[in-house]
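Please open the model in your viewer and keep the selection panel at hand.

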Amino acid sequence: MTTQPRMILPAGQRAPVLSMQSVDKTFNGNVVALQRMSLTVNEGDFISLLGPSGCGKSTALRLIAGLMRPTLGRITWEGGQGADDLGVVFQEATLMPWTTVAKNVWLPFRLRGQSFAQVKDRIEEVLALVGLEKFANAYPRELSGGMKMRVSIARALVTNPRLILMDEPFAALDEITRQRLNDDLLNLKARTGATVIFVTHSVFESVFLSDRILVMAARPGRIIREIAVDAPYPRGIDWRTSPEYAQIARETSDTLMSTLAPEETH
Amino acid sequence: MSATEQALGRGKTENTAMVDIDELAFARKKRVEAIAKWVLPILVLSLSVWIWDRIVVVNAIPHYVLPRPGLVLQTLVDDWHTLYPSLLVTLQITLMALAVAIIGGVGLAVLFTQSKLAEMSFSPFAVILQVTPIVAIAPLIFIYIENRMVGLLLCAWIVAFFPILANTSLGLKSADHNLRDLMLIYKASRWQRLRYLQLPSALPYFLGGLRIAGGLALIGAVVAEYVAGTGGIGSGLAFRILEAGYRLNIPRMFAALLLIALTGVVIFAITTAISHFALRKWHESALKRE
């Protein structure tokens, strides 16, 4: 089975995929992790949730993933959530060490009762997409950190989900690997038309990758500003070194710093 | 061939300065260790047996107090027709107890992880069974259970099942949290989560428990036989030791003891090998470090 890549339309013409309406999440009745978060995710968006630790960005991701339920507000999938609609990449590669790369990527299908033979072509296709076609039969321990993360991304992509959630996926990698994976991620996005929500605490990463940056603040966790990054894809080294990039990074950084100001006066 | 040896080989053939003194010393140390690993234990064991023999000869100790090692071996051969059936009996009880311990231990561990209520209800019983010495429980068991074989089996099982239960429970609970989240996100059923995540995660722990349980099953079988005594149908190796003791047939006691010890070693070797082959592809414990 092969899947046709989705077309990415210009911002403004994109159909909504998922929306969060005034979502609150309160833990133990008094810890407000997330306050009145509203967000419409459109098909083809690359959204970064950027903020300091404790700003609720991971909570937001867990809510969208359905791992917990909002205290108030609603999260709705356009047309309902199907079985294959969501792919997730965690901060660690989160692979099963006891089985091969290909079998790891098979997992989402396996849980739907599809045999390996049935989806072998799709698994090979997606492994080729992340550049690991030669490692299908390798065990995770034989791979480097960056390669493991590629397997994790392949697993998230394999069902061609409507939305991919990435929770600081490259935070544990070295800078060189991280930049390569950033480049490759944009490539993948261009080729698959995936919609991505990307959690990060790196200003530069968010500006490089996304077309929408949601800057978040802590205590209580909330979105304080949305910054649009209009630069066209594909983006590469030219974008990383352009004045516009520097300017948006500056603006994003200032916004982020403004959220930290009250804490410094403590 | 290790990287070091490759470097060495290249250094020799191309006659380049690929190898420094440290590397040479390291390579030599590895060679010595590889040989010593096999030679040393054999040497020390042989030496101990030889000293045993000398002590008996020099002090003229009579064979009904301490037999010479040669006599023990001779007895083993001569009495093989009585010892061999006994070995089979002990082995049968041990292996059956181990099999039931695996089924019971893994079964209970799975039940405990599937139901918190079951764990709360039954885990204290498992602990009580474990902490009470088997020699204290065994006489009661033989009062209430008519069939000696079943009684022996029950004793050996009580001793052997706990390490499997404890280790497998720990393993089932130690599945990676992110993988568990992933299972939730992909809406895996309870059975799928058990089959694809928890059981494979628990495998190394289970195999660790199996190695302990293998030895304990043998100990349980032997201890139970002692408690059951000579009055029953008993004809295992422990019974032979008791019987030989009453007849002051010390060489036969040693011969039976030797068989029990060898059985224990073989069980350990087999469970270790199983563990190695099951984990060699992926688990840290079975991987060779470069």
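Two strands are said to pair if DSSP finds at least two bridges between them. Helices (H or I, at least four residues) and strands (E, at least two) are DSSP runs, numbered from the N terminus. This is a predicted model, in which local features need pLDDT of at least 70, side-chain atom pairs count only at pLDDT 80 or more, and totals for chains, interfaces and linings use all residues. Residues are numbered from 1 along each chain as its sequence is written, and chains are lettered from A and ligands numbered from 1 in the order in which they are written.

**First stop: the mixed sheet of chain A**

Select strand E6 (residues 163–167) and strand E7 (residues 196–200) of chain A, which run parallel and are joined by 4 bridges. Within this pair, A:Ile164 stands opposite A:Val196 of E7(A). Now widen the selection to the open sheet of 6 strands, whose order is E5-E6-E7-E3-E8-E9 (chain A) and whose pairing is mixed. Strand E5 (86–89) and strand E9 (222–228) of chain A have a single partner strand each, so they stand at the edges and one side of each lacks a neighbour in the sheet. From one strand to the next, the twist averages 20°. Such angles rest on axes, which are lines fitted to C-alpha atoms, for helices over the stretch in contact; the angles run from 0 to 180 degrees between N-to-C directions.

**Second stop: the antiparallel sheet of chain A**

Next, select the open sheet of 3 strands in the order E2-E1-E4 (chain A), where the pairing is antiparallel. At its edges are strand E2 (31–42) and strand E4 (72–77) of chain A, each of which pairs on one side only. On average, neighbouring strands of this sheet are turned by 15° against each other, direction ignored. Strand E1 (residues 16–27) of chain A runs antiparallel to E2(A), and 8 bridges join them. Where does A:Phe27 find its bridge partner in E2(A)? The partner is A:Val31.

**Third stop: where the chains meet**

Show both chains. Here 15 residues of chain B are in contact with 17 residues of chain A; two residues are in contact if their C-beta atoms, placed from the backbone, lie within 7 Å. On the side of chain B that touches chain A, the elements giving two or more residues are helix H8 (177–185) and helix H9 (190–228) of chain B. H8(B) gives the most to this side, with 6 residues.

Select H9(B) together with helix H10 (residues 237–246) of chain B: their axes come within 8 Å and cross at roughly 45°. That angle makes H9(B) oblique to H10(B). Angles under 35 degrees count as roughly parallel, over 145 as roughly antiparallel, 65 to 115 as roughly perpendicular and the rest as oblique. To see the contact, display B:Val222, B:Glu225 and B:Tyr226 of H9(B) with B:Leu237, B:Ala238, B:Phe239 and B:Leu242 of H10(B).

Then select helix H6 (residues 134–144) and helix H7 (residues 148–173) of chain B, which pack at an angle of about 155° with their axes 10 Å apart. H6(B) is therefore roughly antiparallel to H7(B). Residues in this contact include B:Ile137 and B:Ile141 of H6(B), and B:Leu154 and B:Ile158 of H7(B).
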